[in-house]
Structures are given as C-alpha cells and as structure tokens.
Amino acid sequence: MNQSTQRQQALAPLARSEPWDMLIIGGGITGAGIAREAARRGLSVLLIEQKDFAWGTSSRSSKMVHGGLRYIASGDYKTTLLSVRERERMLSEADGLVNEMHYVMPHYKGKFPPPWIFNTLLRVYDKIAGKRYFKYFKKDAFLRLNPNIKQDKFLGASQFSDAITDDSRLVMRVLDEAIHDGAHAINYLKAESLITNEQGLVVGTTLKDTASKDKDQTYKVHAKVVVSATGAWADTLRMQAREQTEQSFNKQIRPSRGSHLVVSQERLPTSQAYTFLHPADKRAVFVFPWENRTVLGTTDLDHPPLNDEEVGITSAEVDYLLAATNSLFDDTDLNREDIISTWAGVRPLISDSGDGKRVSPSKEKRDHSVWLDNNLVTVSGGKLTTFRLIALDVLAKCQQVLALDDSATQNQAINGDQVFSKVAPIHPKFATLPSDLQQRLQGFYGLQLDTLLELAHEEDLAYITDSNTIWAEIRFAARYEQVIHLDDLLLRRTRLGLILPHGAMTPLIRTRIKQICQQELGWDEQKWQQEVARYSELWQRYYHLPAA
C-alpha cells in the first residue's frame, strides 16, 4: 500500500453524512485522552490534528510522569494528590511505557533546601502514594555511587521516585485504544473556521487538508459538540466562538517554553535523575537518563504568541542548561560540541493575572481549565500525568450540551478490561525477543503488537545501533500510523532523530530508512530526496543548536 492509498483510507470517515457526536480538535495527549473516554462510552468520535499527532507539547515534554513535588511546597496539595494517584495508576497499567525512575536531590551546606525540609516533603509525597520511596544517603555512601558529583560542602542526598515515559508513544497508544473502541483520528487536518447555526452555537468546523497538494481541499464536518484540545493554541478557537454572539474575551493562555539538551551517556553517565536548583535563579532543573542518553532540562520562559511553526531552543537556554549541569558535576565540562540534539515545547499555562504584574512562569499553577462557549468546549493547561482526569472533566462539561452514557466506570483502565501490561501477544516471534524488549514493545504497542511482529522481517527485530528501538517499529509506523513526512517517523513515532547523531541521517541508518519508506510508503527517489531535504532543514533549525 502506498502513501496515497493510506491517506485516502485515513480521510474516508470525512464522507460521513450525519453529525458526529463529538469532534475533537487537537491530537496531543489531552485530545487522545478525551477520544479514549468518549469512544468507550459509545459516542461517535472524530479527532483531527492540524500537524502530526503529538506534534506540539505532547512530544516535547520533559517525559516525566510525576506528582509534582514542588506543588506541595507551594501549597497546591490538590494537584499533587491527583497527580501522584495518576502516576501510580499509570505505573501499574502501562508497564513498559511508563516506568519508575529514581530521583536524587543532593544537599550542600548553606544551600536550599536543607535535608530536613526536603525530607519532610518526601514523607508527605510517599504518604499520598501509599508507598515508601524515600531514602536518605549519607555523604560517603552517596559519593561511592556518584563519584563525579561536586563534593565541596556536600552533605548527602535524598532519593525519591517518580516515573518517565515516551510522551509521543503514550499519545499513540491512547489513540490506538480510542480507535479500537470506534473513534477515528486523522492528522494534517486543520480546523480553519467554526460552523455556527442561527443561534450562534457551534455545530462543526471547516477543515483544511494540510497534507494535500490541492491547497483548496476543504471539508465541512458537523458535530453535536466540538471540543478544542489545542493546548497553547486554545484561545484562537475560543475567540471565534465568542465572536458569534459578540461576547467579550480576555486571553487565558500564557505560553511558556521549556527546552532540553541531549548528550551521550559516555559524556555524562546517569542511571537515575538528579534534581537540583540552578545556581543563577534557584529554579529546579533536572539531569536524567532517557533512551540510552542523558537529558538536561528544563527552562521555563514566556514564549511569544504562537503561530503554526516549530519551536526551538535559544542560545541563551543552551548556555543556561550547560551552566546548571557543569555546576553539579565536577570535571564534566559539557559544551556545545557534546550536544546530540535539542527540543523545545510550549506549555499552556492558565493565567488569571491579566496583563498586569505576573509571577514567573515557574510559579504559575499547573491546573487545567475547561470552558463552554456556545457549544464549543475548550480545555487547556494541566499535566501529562493527569490526562485521564482532564478527559473526564471535559466529558462532564460536554454533558451540558450532549446526552452521553456515563455508566462506564470512571476508574476503568485506559485500555478497557485489561491493563496495558497484560495484553499478551501470541505471535511466535515475541518469545525470541529479550525480556526488556518484550516489556517495552508491550507497553508501546499493546493490541497492535501482534500486527507489528507479523509485519516485521527477520532483520527488523534487530536494534538500531545503540538505541532501544528496533527496525520493526519503523516499518510498522510507516505502514499503519499515518506517517506523512520523515519527521513524523523520526521525531515522534520513534525518537531516533533526537538520540542518534545528525538526526539519524548518517549513511547506513539513512539507507535502511529509505528502503523501508520506499517499501511501505511507496516513496520514489524524488519524494525521498524532498523529504530528506525538508527534514534536514527542520532538524538543523529546531532540534539542533541555534546560532551562538
């Protein structure tokens, strides 16, 4: 099947004549979670995304599924409570996709926080989780395990646990569960404008196919309720909905950029996450292992008004993260030449402080908000960890305009009666795989794992260099996961563009990827060269280093 045929199949649901129960705009984790919960309740659901699934914030987060320890310190106990409970739930249900990770906070004489304050917070954190994760390491014991950490005035270190994931794969997994229950999801469809009735109520949208060579290709889709889950872009459609009835509108979304650096484990080996305060502004920053690499993050800066373009790190942010890391590790001396890749995402913070004096982005609350404007339900804010709770709040708001059967328990596992880790593949190839790869593939692909294994050639079961990714994942994504561009494949379906040198465009890797794209997408030489040129420009500009 070539790409043109795949696209025609993806767009087929747009021919539906009757209104959908729910049209969801936005293909990140929030939109995917809403689609999942709506589909399991028997609603007819269409989700559309103007770029690629998880293209925005949901592929550019810090990859952490965490309770938000700092929220306790700021008095936001509710956010921590809900987040910790969801973290525990995801660790239980999504083994292989969401995995426990130890964090350590080193303590230094005269530096905040002192051990007694931090350890008190950790005991509260553990009490919320109902588990004992906290552990304190005295100076000598910790230094034996972490000899490269700064030792001057070092007192000891506190250890606690949160979790880590592949955020983009989490989106695809939740979307797949929604599709399994009857939802439809289509990428590269942009909501150009809202369709309203005589009363000014939103009853659908006009969609533009941004992947089509025909720039005038549009579709009109009607729905009983339209949900905008566009994150940092949420104000745009809300403004359109309120303009229909001449209601005043004050923007609610405060875009905040968070940026990250990726370096090799050889340059900075880590088996756990370090959290510490930046010496310049005392913000919490992290150094943590991810996909056999080490990640440095994150920044938290106000971002200019958004358009449809990519977001990239700035030179000042590169310096900021390098300075933080070098302040914690003796003799590491990381520099720009050590950086494999970068990524930056924009968080949709909900700000109630208007245009007056505002707190720093780091001090804004991470709560989500749901609004109803003339049949348009808008959701923004919140955390990756609480996506399921956000979806339930959206459905509760939708009940004001849409009758829905909410008899399905709100505490069901994300993929129905079975938890993620219990989806048992039956394909004989599965037994030949290493146990850690079995666990990873079950978590990443769930119900689709047998399909992936059936599609895989024998040589596809090999790892791609020193990554955790096997070639079968490239082939499966190209065949079944609506890949339109090369960056869909290398930056979101897999993360090879973030962890391999030169965005995975070294000769041997590039040749094999080309072969798979030709076989599964039907790309000829001209199309391949166009995609390589497009991807290379994008990667250099937004996923590598900015000008010094």
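Biologist: Let's begin with the contacts. Of those with a separation of 6 or more in the protein chain, what share comes from residues 24 or more positions apart?
Modeller: Residues 24 or more positions apart account for 71% of them. Keep in mind that this is a predicted model.

Biologist: Noted. How many helices and strands are there in the protein chain?
Modeller: The chain has 17 helices and 18 strands.

Biologist: And what is the radius of gyration of the protein chain?
Modeller: The value is 23 Å. A compact globule with 548 residues would be near 24 Å, so the chain agrees with that expectation. Along the principal axes, the C-alpha trace spans about 70 × 55 × 50 Å.

Biologist: What percentage of the residues is buried?
Modeller: Buried residues make up 60% of the 548. As for the surface, the protein chain exposes about 22,700 Å², and carbon and sulfur atoms supply 50% of that area.

Biologist: How many positive and negative side chains does the chain have?
Modeller: There are 66 positive and 68 negative ones, and the centres of the two sets lie 6 Å apart.

Biologist: Let's zoom in. Where is Trp55?
Modeller: Trp55 sits in the loop between strand S2 (45-48) and strand S3 (64-65).

Biologist: Is Trp55 buried or exposed?
Modeller: Trp55 counts as buried because its relative accessible area is 6%, and the cut-off for buried is under 20%.

Biologist: Which residues does Trp55 touch, leaving out those up to four places away in sequence?
Modeller: Trp55 touches Glu49, Arg60, Trp233, Asp308, Glu309, Glu310 and Arg492. With Glu310 there is also a polar contact, side chain to side chain, at 3.1 Å.

Biologist: How far apart are Trp55 and Ser168 in space?
Modeller: Their C-alpha atoms are 8.3 Å apart, although the two residues are separated by 113 residues in sequence.

Biologist: Switching topic: where is Asp460?
Modeller: Asp460 is in the loop between helix H12 (449-455) and helix H13 (471-480).

Biologist: Why is Asp460 called buried?
Modeller: Because its relative accessible area is 0%, and buried means under 20%.

Biologist: What lies 2.8 Å from a polar atom of the Asp460 side chain?
Modeller: That is the backbone nitrogen of His457. Not counting residues up to four places away in sequence, Asp460 touches Ile470, Trp471, Ala472, Arg475 and Arg512.

Biologist: Great, thanks for the tour!

How values were computed. Residues numbered from 1 in each chain as written. Predicted model: local features only at pLDDT ≥ 70, side-chain atom pairs only at ≥ 80, totals over all residues. Heavy atoms only, no water. Helix = DSSP H or I, 4+ residues; strand = E, 2+ residues; numbered from the N terminus. Buried < 20%, exposed > 50% of the residue type's maximum accessible area, 1.4 Å probe, protein only. Contact = heavy atoms within 4.5 Å. Polar contact = N/O pair within 3.5 Å; in protein donor to acceptor, adjacent residues only side chain to side chain. Rg over C-alpha atoms; globule rule 2.2 N^0.38 Å. Areas by Shrake-Rupley, 256 points an atom, 1.4 Å probe, with all protein chains shown as cover. Lys, Arg positive; Asp, Glu negative; His and termini not counted. Charge placed at Lys NZ, Arg CZ, Asp CG, Glu CD.
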